[in-house]
Amino acid sequence: QDKVRQGLDALQRAAAMVAQLELFSDNEELEEIASADLKFMLLPALLGALTLKQVDLSRRREHLESAREHFMRFLKLCKNYGLGSFQLPAGTSGEEEGGSASAPREPAQPNLLAMAVSRATKIERYKQKKELENKLASMSSSIESGTADEDQIREFYILQIQKWISTSLEEIESIDQELVILRSRDAARQGPGGLRGPSRPARTLVRPFILTRDAAQARVFGAGYPGLPTMTVDDWYEQRRRQGIVSTAQRISAGFGEPAHPPCPSPPAGSSDEELQKQETEEEQDDEEALRKSREWDDWKDTHPRGYGNRHNMG
């Protein structure tokens, strides 16, 4: 950056001296300029190139606009002397949008024809730049050694100017694209919401609701999900046992232990001792029969594997 600043200072002093000497005028032709003075036409282009090499981000937009002005000054000077066939870019970056020549802005909708023409122009410009660089490389040795005559020196500087015309057009296109981004960023920062964007509207509070037609239906059918249990499994077995549906042996075989405080069964009213004894005998017989069938089934499964006797799906 120190070298860039030193180069900018030297170029600005040279440009000031060229302006005092009035080496170039709008009323002159290219043949009227001395061959040794042609190189001073490159001063605005070199100023623009060095201005772009500054890396101070806080002043990036200022540097871009200054570099664009230098390149435009160089292109206008070349246009006045008929050096190269090109079209000047529209507007300058420092002018306001309300002026006669406003700064270039992005089109609202892409024009396919204009995009195709721009692409063809860039390709042709690239080919010409490569040809100029090859010619300059072949002539640079004789120019540096001092053996070239005046015609060769004049042709060498004219080729240099034409090469920098192509470079300036490319740099202006790049500057315009970057300026659009920087302007959008600055506009977003200056907005009321800053970079955060528009504030979201406050959310309205939603009252709780139930998935039923009305409150009466909710009271009848519940809230739409199972309620809490009203009794334990032991209480349920105890209730069934009192009703005479299951016995204590079935309760134990189902995996539940005996109740902690088994209530004393109360015989139904009007029943005799013989009926109670007969009922207990039937329950014991049912338990023994169920136990016997379960043991026989376990013994049969020990000797018969799963799928024994199934021949329907075998090939």
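Student: Why is His-63 called buried?

Tutor: In this predicted model, His-63 has a relative accessibility of 4%. Buried means under 20%, so His-63 counts as buried.

Student: Where does His-63 lie, and which residues is it in contact with, leaving aside neighbours within four places in sequence?

Tutor: You will find His-63 in helix 3, which covers residues 60-80. With those neighbours set aside, His-63 is in contact with Thr-51, Gln-54 and Asp-56. Contact here means heavy atoms within 4.5 Å.

Student: How do you know that the span of helix 3 is close to the expected one?

Tutor: Helix 3 has 21 residues, and 30 Å is expected for it at 1.5 Å a residue. From its first C-alpha to its last, helix 3 reaches 30 Å. After helix 3 comes Gly-82, whose phi is positive, near 70°.

Student: Glu-62 is found in helix 3 too. What makes Glu-62 partly exposed?

Tutor: The relative accessibility of Glu-62 is 43%. Partly exposed is the range between the buried limit of 20% and the exposed limit of 50%, so Glu-62 counts as partly exposed.

Student: What makes the pair Arg-59 and Glu-62 a salt bridge?

Tutor: The closest N and O atoms of Arg-59 and Glu-62 are 2.9 Å apart. A salt bridge needs a side-chain nitrogen of Lys or Arg within 4 Å of a carboxyl oxygen of Asp or Glu, so this pair qualifies. The side chains of Glu-62 and Arg-59 are also joined by a polar contact of 2.9 Å, and the cut-off for a polar contact is 3.5 Å. Arg-59 itself counts as partly exposed, at 38% relative accessibility.

Student: How far is Glu-62 from Leu-179?

Tutor: Their C-alpha atoms are separated by 9.9 Å, although Glu-62 and Leu-179 are 117 residues apart along the chain.

Student: Why are Glu-65 and Arg-61 separated by about one helical turn?

Tutor: Both are in helix 3, and they are 4 residues apart. An α-helix has 3.6 residues a turn, so residues three or four places apart point the same way. The side chains of Glu-65 and Arg-61 meet in a salt bridge, 3.3 Å from N to O. Elsewhere, salt bridges that share partners join Glu-289, Arg-292 and Glu-296 into one network.

Student: How many salt bridges are there in the whole structure?

Tutor: A search finds 8. One of them joins the side chains of Asp-2 and Arg-5, at 2.4 Å from N to O. Asp-2 and Arg-5 both lie in helix 1, residues 2-21, and are 3 residues apart, about one turn of the helix. Arg-5 has a relative accessible area of 44%, so it is partly exposed.

Student: What makes Tyr-308 exposed?

Tutor: Its relative accessible area is 55%. Exposed means over 50%, so Tyr-308 is exposed. Tyr-308 lies in the segment after helix 9 (273-303). Together with Trp-297 and Trp-300, Tyr-308 forms a nonpolar patch on the surface, with about 390 Å² of accessible area.

Student: How many helices and strands does the protein have, and what percentage of its residues count as buried?

Tutor: There are 9 helices and 0 strands. Of the 315 residues, 24% count as buried. The accessible surface comes to about 24200 Å², and 52% of it belongs to carbon and sulfur atoms.

How values were computed. Residues are numbered from 1 along each chain as its sequence is written. This is a predicted model: local features need pLDDT of at least 70, side-chain atom pairs count only at pLDDT 80 or more; totals for chains, interfaces and linings use all residues. Side-chain values use heavy atoms; hydrogens and water are left out. Helices (H or I, at least four residues) and strands (E, at least two) are DSSP runs, numbered from the N terminus. Buried means under 20% relative accessible area, exposed over 50%, partly exposed in between (1.4 Å probe, protein chains only). Accessible areas come from the Shrake-Rupley method with a 1.4 Å probe; for residues, only the protein chains shown count as cover. The expected span of a helix is 1.5 Å times one less than its number of residues. A polar contact is a pair of N or O atoms within 3.5 Å; within protein, one must be able to donate a hydrogen and the other to accept it, and residues adjacent in sequence count only if both atoms are side-chain atoms. Patches are made of residues with over 30% relative accessible area and no salt bridge: like charges are joined within 9 Å, nonpolar side chains (Val, Leu, Ile, Met, Phe, Trp, Tyr) within 5 Å.
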